[in-house]
Amino acid sequence: MSLQKVFRFGIALRRRFRQSEATFILLSVVVGAVGGGLAVLLGAAAHRLQRWLYQLPGTMRLSAAPHLETATLIALPLGGALLGLLMLALDRWRRRTPIDVVEANALHGGVVPFRDTVTVTGQTFVSNGFGASVGLEAAYAQIGGGIASVLGKWLSLRRADMRVLVGAGTGAAIGAAFGAPLTGAFYAFEIVIGAYTPAAIAPVAAAAIAGVATARTMGAVPYLITVDSTGISRNLDYLAFVGIGIVCALTGIVLMRAVSLLEQGVRWTRLPPAARPFVGGLLLMPIAHISPQALSAGHGALHLALAGDAPLKILCIIFALKMLASCISLGFGFRGGLFFASLFLGVMVGRIYGDVTELLLPGQHLWAQDAALVGMAALAVSVVGGPMTMSFLVLEATRDFALTGIVLTASLVASALVRELFGYSFSTWRLHLRGEVIKSARDIGWVRQLTAGRMMRKAPVAVPADITIAEFRRRNPLGSTSRVILLDEDEHYAGMVPTTRAYADGVDLDDPVDTLARRPDETMTPARNIAEVMQAFDRLGVDDLAVVDGDGGVLGLLTESHVRKRYADELEKAQRELFGES
């Protein structure tokens with residue numbers, strides 16, 4: 001086949017995927033299968049590395065080990081040192097923070113650079129594989145969404161389709177890891193795409209099913225084992241479980257704040273970034289010696305916590321050590337997320353809540369396993385977001401619709417309280433600390449791309465600022481233009497004069513025309529986005545603004561009516577794309 005025929009085939013294929021919904025669903029299935037398979041391979045490789053480093057018997061998970069040999073704990077600082085070397089290499093390669101799938105869908109139309117996918121996945125694998133208290137979910141999401149983004153860019157997909165495909169790949173990878181297609185699909189909707197839309201339902205669902213089917217075909221064991229709930233029978237139980245949601249919301253806020261405060265403290269020490277994971281690994285060693293349950297994501301420990309009956313004191317110790325280990329891991333530069341850590345911590349909160357309730361209200365016993373499941377979902381919602389995602393996770397683990405209703409209620413309470421008191425999930429909170437303003441994965445990238453420089457029109461007539469009003473009238477007869485730009489002796493912006501003001505009764509024709517001008521500081525730079533431009537119009541109370549460069553040279557003009565019309569048009573266009581309308 002000639003190169004020209006290959007090129008034509010590629011164009012035809014791209015056109016087909018852009019125009020046919022059925023073909024796009026098929027593409028999503030392919031992406032889901034690939035994302036699910038890669039998630040399985042990544043998880044298996046990390047588990048195998050942990051077994052080798054910590055000499056774990058059989059298929060035992062690191063966090064399920066009753067005790068770890070002291071000599072094996074050296075893996076923690078060694079992993080930190082390796083991660084530091086990777087950071088040094090990457091700093092020479094590129095100096096910006098890698099883009100994850102949430103940021104990509106919110107700000108970049110679903111575009112995830114392949115190098116960023118490799119970076120995030122590699123760093124997360126090293127961090128988790130050597131035992132740091134972080135999960136692999138960030139790597140799963142990145143590799144699934146990143147592969148989808150690469151394929152979408154090659155096919156030149158539209159912005160809305162690209163966002164859906166990235167969500168589908170991410171959801172498939174998460175669903176494959178948990179063996180839960182509904183969980184994966186709603187993770188895509190709530191965390192990555194930021195909305196439930198008719199156009200996204202079929203592709204995302206198909207990808208999630210394909211990802212889970214691929215994982216099962218490969219013989220992968222899902223993270224969550226099937227558990228039995230004991231049932232909800234008393235009205236008091238409903239109120240008690242809502243209380244778990246409140247406690248989990250406050251715990252989630254404390255956890256997210258603690259991570260960011262520790263990061264700030266570590267930066268304050270001026271410890272080189274490449275050395276921080278090594279120091280963090282040293283600090284994790286005594287924690288791991290006391291409780292191996294604090295290491296890694298916590299898969300094995302979660303299973304033990306759901307099935308066991310540890311005393312309250314032990315539960316509190318494990319909870320505190322896991323919180324501390326997670327903060328140290330992330331605060332000192334290990335890469336990963338809090339998805340599974342929040343699930344495990346939520347189980348501990350639920351168990352502790354149930355035991356404390358029994359102490360304070362004897363005879364009002366909350367079933368420990370139900371309380372653990374409610375806490376698991378509520379704390380994960382507080383940290384990660386996605387109340388429907390976590391509710392379906394419990395549903396697919398228990399097959400209990402009555403308990404799922406309670407879980408959803410507690411999750412919604414936790415979500416509402418976190419939004420009210422904090423306003424962010426963990427991923428968007430970290431973006432906020434970098435100066436971003438997003439609070440979800442909803443697409444606001446078009447707002448940033450629509451800048452004053454793109455919207456401005458040609459600047460009106462300009463005259464020197466020191467001419468008289470009489471001369472101004474001679475150069476600009478009434479009706480010739482509605483406004484005139486004034487320039488100083490260096491050709492810099494010096495104000496703007498409405499033409500009619502120069503023809504008003506009572507003006508002294510010998511006065512300089514700049515006495516009629518608006519303040520020269522009422523300007524806009526070309527990089528300002530449309531939201532900032534509209535805020536400027538509201539703040540200044542003017543109808544037009546000059547766009548100037550850094551030296552004050554006039555580039556163009558913005559009018560309020562034009563800017564607001566562009567905003568309305570672009571918003572309508574984004575909504576049409578979101579809901580799949582033509």
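Begin by selecting Cys248, which is buried, with a relative accessible area of 0%. Here buried denotes under 20% relative accessible area, exposed over 50%, and partly exposed in between, with a 1.4 Å probe and protein chains only. Next select Cys327, which also counts as buried, at 9% relative accessibility. The number of disulfides is zero, a disulfide being a pair of cysteine sulfur atoms within 2.5 Å.

The model is predicted: local features need pLDDT of at least 70 and side-chain atom pairs count only at pLDDT 80 or more, whereas totals for chains, interfaces and linings use all residues. Residues are numbered from 1 along each chain as its sequence is written, and side-chain values use heavy atoms, with hydrogens and water left out.

**The whole chain**

Display the entire protein, of whose 582 residues 53% count as buried. Its accessible surface is about 25,600 Å², and carbon and sulfur atoms contribute 61% of that area; such areas come from the Shrake-Rupley method with a 1.4 Å probe, and for residues only the protein chains shown count as cover. In cartoon view, 24 helices and six strands make up the secondary structure. These elements are DSSP runs numbered from the N terminus: helices are H or I with at least four residues, strands E with at least two. Among contacts with a separation of 6 or more, 74% are between residues 24 or more positions apart, a contact meaning heavy atoms within 4.5 Å.

**The nonpolar cores**

Select Tyr54, Phe178, Leu343 and Met390; within the largest nonpolar core, of 106 residues, these touch the most other members. A nonpolar core is a set of buried Ala, Val, Leu, Ile, Met, Phe, Trp, Tyr and Cys residues joined through side-chain atoms within 4.5 Å. Centre the view on Leu343: leaving aside residues up to four places away in sequence, it touches Phe178, Leu302, Met376, Ala380, Met390 and Leu393. Another core, of 21 residues, lies apart from the largest one and includes Ala148, Phe186, Ala207 and Ala208.

**Two loop residues**

Move to Ser156, in the loop between helix 6 (137-154) and helix 7 (159-178). Ser156 is not a glycine, yet has a positive phi of about 55°; it is partly exposed, at 35% relative accessibility. Then select Arg270, in the loop joining helix 10 (235-268) and helix 11 (276-290). Arg270, likewise not a glycine, has a positive phi of about 60° and counts as exposed, at 74% relative accessibility. Most residues other than glycine have a negative phi.

Strand 1 and strand 2 (residues 483-487) run parallel and are joined by three bridges; Ala462 has Ile485 as its bridge partner in strand 2.

**Sheet 4-5-6**

Finish with the open sheet of three strands ordered 4-5-6, also of mixed pairing. Its edges are strand 4 (523-524) and strand 6 (554-559); each has a single partner strand, so one side of each is without a neighbour in the sheet. Two bridges link strand 4 with strand 5 (residues 544-548), and these strands run parallel. Highlight Thr523, whose bridge partner in strand 5 is Ala546.

Notes: Two strands pair if DSSP finds at least two bridges between them.
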